[in-house]
Each structure stands twice: as C-alpha cells, then as structure tokens.
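Trainee: Please take one part of this model and look at it closely, then follow on from there. State the cut-offs as you go.

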Amino acid sequence: EEVELESEFEKRIEGEARFIRALIYFDLVRYFRGVPIVEKPLSISEAYEVQRSSEEAVYEFIINDLKKAIELLPNIKPKELPNKATQYAARGFLGKVYVFQSGYPLKKDNWNLALNELKTVVEGIGDDGFFENYEDIFLYENENRDQSIFSLGCKTNAQGEGNPYPTRNAPNGIKPGNTPLTIPYGGGPWRLFLDGDYIVNDIFFEDGDLRKEQALQFEWEEKSNQIITNSPFVKKYSNGPVSGGGDWDIDWIMLRYTDVYMLYAEALYYKNDKANSLQIINRVRNRAGLTDLQPRDIDTDEKFIDRLLKERRREFCFENQRWWDLVRTDKAFDVMKVFLGHYGADGNLISKDQYFYPIPQRETDITGIE
C-alpha cells in the first residue's frame, strides 16, 4: 500500500496479487489442509514463529482474497494481455472454492454461495464459452477465447516459458517430425502412465464418446519406423508453434468454462434444481456424442455423485482434476482401492489420512512447530 502508483493500475496490480495468492493457497490447502498463513513481509526471526493455521482459516483467507480481487479486477480480458486475471476468473475460482468447502473434509453447506458465483460466470460469458467441438478447446488458434476463463500464458523460444505438456506426454520413443504419427522434437520419459486395457477402454470412456479419440492418440511412429498401436498417449494441447522439446507456445488452461458450467450443475443439484442440473450434464454429453441421461439416473445423491464423477472424469481427463474430485466427494479411498487392486497395490492405501500430504519433516525440524 505504500507504493505510489496511478490509482487504476494500483487497483489492478493488487487484484492480480490477491488472485494469484488465492490460487496458490487453494492448492496448498488441498494438498496439506492447514498451512501457515503469511500475508505480510516477515523477518527471519518472525518467520520461525508462524504457526500452522487451521484448514477453515486457510479457506477463509482464500475467500477474502478472491472477494477483494473481484472488486479490483477488470471484467474482461485486456486484448494486449489476455492472460491477466479478470472478475470472471476470480468469481469462477471463488465458486470452485465454495464447492470444495462443501465437500470432504469440511462438508460446509456453501452450495448457495457457490451457485451465486458460478451462475454469474455462466450467464456472463454465455454460449461463447461452450465450444460445440470438444477438440477445439485445446487448439492454439483458440487460446484465450471464452472457453478459457483463465490460462497460464506460455511462449515458445522465451527462455523456459514454453508449455512442456505436449512433449512430456508423448512417448520417449516417438519419432520427431511433423506428420500425424510423429511429434516435433520427439517425446520424453515422463509421460502419463496409461494402461491400455484398464484406463482407455470403455471402463473409462463410454462407447461412442468422441473425447476418447480427441484426447488420446492410439497410433504413432516409433524412431525405428515401426507403427505402434498398443501404447496410447495424451495429445491435448499438441499443436501450435514449438521451438524445442517441451517448449510449446500454447497456453495451459487453468479454469475453463465447462468446469465452471459443470460445477454450476452440481450446485443446482444440491439446491434442488435437478432438472437444470441434468440439462447441463446432458449438454456436455451431447457434445461428446453421447445420449441424454434421464432423471432416474440421478434420483438419489449416491447416483448423482457416481454419475458426476464419471462425467467429469471424461470431460477433464488428463487436466489434473480427477484426484481433487475424488477427495472432495469422499470417494477417493474406495475408487483407489479398486484401481490399485488392479496392480496388486491396494494394500498401500490404509486410511483417508493419505488424501493429504503431511507437513514435510524438514520444515518441522527447522521451526519446532508440528
């Protein structure tokens, strides 16, 4: 507050700072539950005295930052700086925060608060945010359009500011090239593990789901010129300018319209508007080439949660959403037991405490604070 800046610029900078801080703490609270809250510069000696805050306190800190950011941020993306935060981005994340608060482990009934924020975003952006073709969401030429409420800006050939996702998820043995069966500069050894029998068959995707072929590549050319057909990989974002392995120009979407749209459907369900909730879910299914669900498919909370998790899993596959959805619906233990059992590793999951990371021992040793 002590820096002298032009008033509108100062407002935007504070709004952006609060927005980013909220996103960082939202990740922290989901990984660790309660963490130390730091909201001002600290000396070294002061830092040693910071206590671990409760999970509830961290969520309130996030909510306060996002509410303040909404007041300070512009309502539309600046054309010259489209990766800047906006009111819609702050409202979208605030609605998502309320959804997580309403789930496990806090189980607060903040569905009405979530509904208000999510509705504002859905109605404010409107159909411009809902692309009729799923694959178009992840194309370079469409980045920063309304399907992307907030994106992490990536730029190729800019000293490490490129998007590594396409290279990271391509097979290490894929042939470098620019054909449909190759990828520029080749792949890497860190690709997501995909079990062709268990993950990408119809246990994962419903028969006829267009997203299966739009999210995954099932055929590719190995460096030896052999055509591989039994080792699929994620191809989302694999387009646009690239100047080296892991250095793609395409932005990474951190909050997309369909996520807010489906969270809105969830809030509608819990506020007893099941008809409109189902309408949204079916619209997402129809885009994927699937038929409508019927009211009987979500006529109990248990059926709804089961269906919701399946729909979100397919829609947001490989976008870092699945684990958080399993935890907040308190389905992670049962689902992961079955999944790990497929590999004989179900004994590794002992309790729901494993939903969260412990505070690292190194930090405890330094501060003496548990």
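Mentor: Val3, Leu5, Phe9 and Ile13 make up a nonpolar patch on the surface, and their accessible area together is about 310 Å². This is a predicted model, in which local features need pLDDT of at least 70 and side-chain atom pairs count only at pLDDT 80 or more, while totals for chains, interfaces and linings use all residues. Residues are numbered from 1 along each chain as its sequence is written, and side-chain values use heavy atoms, with hydrogens and water left out.

A patch takes residues with over 30% relative accessible area and no salt bridge, joining like charges within 9 Å and nonpolar side chains (Val, Leu, Ile, Met, Phe, Trp, Tyr) within 5 Å. The areas are Shrake-Rupley values with a 1.4 Å probe, and for residues only the protein chains shown count as cover. Leucine 5 sits in the segment before H1 (helices are DSSP runs of H or I with at least four residues, strands runs of E with at least two, numbered from the N terminus). Its relative accessibility is 35%, so leucine 5 counts as partly exposed; buried is under 20%, exposed over 50%, and partly exposed in between.

Now the interior. In soluble globular proteins, nonpolar side chains tend to be buried together. The largest nonpolar core here has 59 residues, and Phe19, Ile62, Leu66, Ile149 and Phe150 have the most contacts inside it. A core is a set of buried Ala, Val, Leu, Ile, Met, Phe, Trp, Tyr and Cys residues joined through side-chain atoms within 4.5 Å. Among the elements that each supply at least two residues of this core are helix H1 (7–32), helix H3 (55–72), strand S1 (148–152) and helix H8 (257–270). H8 gives the largest share, ten residues.

Phenylalanine 19 is in contact (heavy atoms within 4.5 Å) with Leu66, Ala69, Leu73, Ala85, Ala89, Ala90, Phe93 and Phe150, leaving aside neighbours within four places in sequence. Another core, of 25 residues, lies apart from the largest one and includes Tyr134, Ile183, Ala215 and Ile228.

Next, the charged side chains. The count of salt bridges is 35, each being a side-chain nitrogen of Lys or Arg within 4 Å of a carboxyl oxygen of Asp or Glu. One of them joins aspartate 127 and arginine 283, at 3.2 Å from N to O. Aspartate 127 is in the loop between H5 and S1 and arginine 283 in helix H9, so this pair ties together parts 156 residues apart in sequence. Aspartate 127 is exposed, at 55% relative accessible area, whereas arginine 283 is partly exposed at 23%.

Glutamate 221 pairs with lysine 175, their closest N and O atoms being 3.4 Å apart. Since glutamate 221 lies in strand S3 (residues 220–221) and lysine 175 in the loop between helix H6 (165–168) and helix H7 (211–215), the pair ties together parts 46 residues apart in sequence. Glutamate 221 counts as buried at 15% relative accessibility, and lysine 175 as partly exposed at 28%.

Arginine 211 forms a salt bridge with aspartate 209, with the closest N and O atoms 2.9 Å apart. Both arginine 211 and aspartate 209 are buried. Through shared partners, salt bridges join Asp209, Arg211, Lys236, Arg256, Arg287, Glu315 and Glu319 into one network.

Terms used: Buried means under 20% relative accessible area, exposed over 50%, partly exposed in between (1.4 Å probe, protein chains only).
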